[in-house]
Amino acid sequence: MRVSAPKQVLVIGGGAAGQMAAWAAAEQGAHVVVLEKMPQTGLKMGLTGKGRCNITNARPINEFIAETPGNGKFLYGAYRRFSNQDLLERLHENGLLTNVERGGRVFPVSDSAQEVRSFFRTRLQRAGVTIHTSAAVQSLRRDGNRYSVVTVDGRRYEADAVIIATGGASYPQTGSDGSGWRLAEQLGHRIAPPHGALVPLVTAGDTAASMQGLSLRHVELTLEVDGRRRETLRGEMLFTHFGLSGPIVLSLSGQASAALQEKRQVRMLLDVKPALSAEQLARRIQRDMDTHRRKMLGNALHDLLPQKMIEPLLEAAGVAPTRIAAELTRAERQALVATCKAWSFPIVATRPLREAIVTAGGVCIKEIQASTMESKLCPGLYFAGEVLDIHANTGGYNLQAAFSTGFVAGSEAGRQDHESHYDSN
Ligand SMILES: Cc1cc2nc3c(=O)[nH]c(=O)nc-3n(C[C@H](O)[C@H](O)[C@H](O)COP(=O)(O)OP(=O)(O)OC[C@H]3O[C@@H](n4cnc5c(N)ncnc54)[C@H](O)[C@@H]3O)c2cc1C
C-alpha cells in the first residue's frame with residue numbers, strides 16, 4: 001500500500017538519536033517537532049566520554065559490528081547509509097572539528113561534550129526544527145495514516161510520521177527512563193527485557209573494596225561462566241568500593257549480566273602480569289626475593305605490584321605478608337604466580353541499570369526494518385538509538401549507533417515521496 005508523503009514529523013526524545021533524526025528529517029523538507037521530556041535537550045550527551053564526548057570511532061565499519069555485542073549485525077543497513085565517515089564529514093562541514101585518539105576514539109577538538117550539545121542545538125535551530133522541552137510524551141496512538149501524541153501535561157500533537165528516540169533506562173536523571181518502551185508497546189511492539197550492558201560489577205567479599213581507587217593498565221580479565229572461560233580482554237580496569245569497573249570490566253559486563261540473570265556462576269579472573277608467562281613470572285618473583293632477602297613479603301613485592309595490591313594478593317594466595325623473602329618456599333612462590341595470573345573475583349551482581357552506561361534490551365529489532373528503521377507493524381513509525389535492543393562496547397560505538405539509526409529514521413520519515421514497504425494492519 002502506498003502511504004502519502006509524511007510531511008509532519010514528530011520526534012520523541014531529544015538525545016543523540018532524536019536530534020540527528022530531526023536534522024535529517026528537516027533536510028528532507030519536513031516540518032519537524034522534537035518533544036523532549038527534560039528542560040534541555042541532549043543531557044546524556046553532555047555526560048559522555050567523561051565530559052569529553054567520545055563521539056564515534058575511526059575504525060572500519062566491520063569493527064563497529066564486532067564491537068556491538070547487542071545485535072550488531074542489525075546495524076549494517078544504517079551504517080551503509082550513514083557511516084562514521086559520513087558523521088565526521090557532516091560535523092566537520094558544519095564547524096565541529098575532531099581528533100582521533102588511542103584505539104581510534106574520536107573526540108571534539110575542544111574536548112567538550114557541552115560543545116557537541118550546543119552544536120546540535122544550533123544545527124537544529126538553523127534547520128528550522130521546533131523543539132518543545134519539558135514535554136514528556138505519555139501516549140501514542142495511530143489513526144489510519146496519522147499519529148497522535150499526548151504529553152503528561154495534556155498537550156496534543158499530530159503527525160504523519162513519528163520517530164521514537166527515547167533512549168534506554170540508564171542514567172534516568174538525564175531523562176531516559178524507559179518510558180519510550182511503553183509507547184512502543186502501545187502500538188504492539190515487543191520489548192526484550194532490559195538489563196545493564198556497560199555496567200560495573202559487584203564482587204563477593206571485600207577484596208576488591210580493599211583496593212578501592214586502584215586503577216590498573218595492561219592487565220587481562222577473563223569472564224568465566226559456570227567454570228568455562230567465555231572471553232578475555234586486555235586493557236584498563238579499576239577497583240571500587242563495590243567491586244570492579246573500568247573499560248574492560250564494562251566491556252565484559254553485558255555477558256556477565258546476562259549470565260547472572262540466568263542464575264549462572266560468574267567469576268572474573270584477573271591476570272595482573274599478562275606480558276609474562278607463569279615461568280617468567282616465577283623467575284621474576286625469585287629475583288625480587290633475592291634482591292630484598294631480609295624484607296617481609298609485604299615490602300619485598302613493591303617492584304612487581306602496586307602497593308595497594310600486595311596484601312590482598314598475598315591473602316588470596318594464602319601467603320602471610322610477614323614471611324621473610326629469603327624463606328619463601330617453592331610452593332608459596334607457585335601460589336603467588338597462580339594468583340597473579342588468575343586472581344578470582346566472584347561476581348554476585350551488576351550495579352543497577354540506572355548506573356549502566358548503556359541499556360541492553362529494548363524494542364525488538366525483528367519488528368524493525370533495518371534499512372529504514374521503520375516499524376514492520378506500523379507504517380510511519382520509526383525507531384532510533386538506544387530505545388532499540390542494541391548495545392555496543394565503549395569506544396564511541398554507542399553514539400555512532402544512535403547517530404546512524406537517527407539519520408536513517410529521520411531521512412525516511414521526512415521523505416516527501418515516501419513509500420512504505422509495509423502494509424498497515
Ligand atoms: C555516563 C555516560 C557516558 C557515555 N559516554 C559515551 C561515549 O563517550 N561514547 C559513546 O558512544 N557513548 C557513550 N555513552 C552512551 C551514549 O550516551 C548513549 O548510547 C546515547 O546517548 C544514546 O542516545 P539516544 O538518543 O538513543 O538516547 P538518550 O541520549 O538517552 O536520549 C533520549 C532522550 O529522550 C528523552 N525522553 C525519554 N523519554 C521521553 C518521553 N516519554 N517523552 C519525551 N522525551 C523523552 C530523554 O529525556 C532523552 O533526552 C555514555 C553513556 C553514559 C550514561
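Which strand does His218 lie in? I looked this up first.

**Ground rules.** I am working with a predicted model, where local features need pLDDT of at least 70, side-chain atom pairs count only at pLDDT 80 or more, and totals for chains, interfaces and linings use all residues. I number residues from 1 along each chain as its sequence is written, and side-chain values use heavy atoms, with hydrogens and water left out.

**His218.** I found His218 in strand E13, residues 215-225. Strands here are DSSP runs of E with at least two residues, numbered from the N terminus. The phi of His218 is positive, about 55°, although the residue is not a glycine. I then checked accessibility: His218 counts as exposed because its relative accessibility is 60%. Exposed means over 50% relative accessible area, with a 1.4 Å probe and protein chains only.

**Lys50.** I turned to Lys50, in the loop between strand E2 (31-35) and E3. Its phi is also positive, near 55°, and Lys50 is not a glycine. Lys50 counts as exposed because its relative accessibility is 85%.

**The sheet with E3.** I followed E3 into an open sheet of three strands, ordered E3-E5-E4, with antiparallel pairing. Strand E3 (56-57) and strand E4 (98-100) are at the edges with a single partner strand each, so one side of each has no neighbour in the sheet. Two strands pair if DSSP finds at least two bridges between them. I noted three bridges between E4 and strand E5 (residues 105-108), in the antiparallel sense. Asn99 stands opposite Phe107 in E5. In general, strands of a sheet pair through backbone hydrogen bonds, either parallel or antiparallel.

Conventions: Helices (H or I, at least four residues) and strands (E, at least two) are DSSP runs, numbered from the N terminus. Buried means under 20% relative accessible area, exposed over 50%, partly exposed in between (1.4 Å probe, protein chains only).
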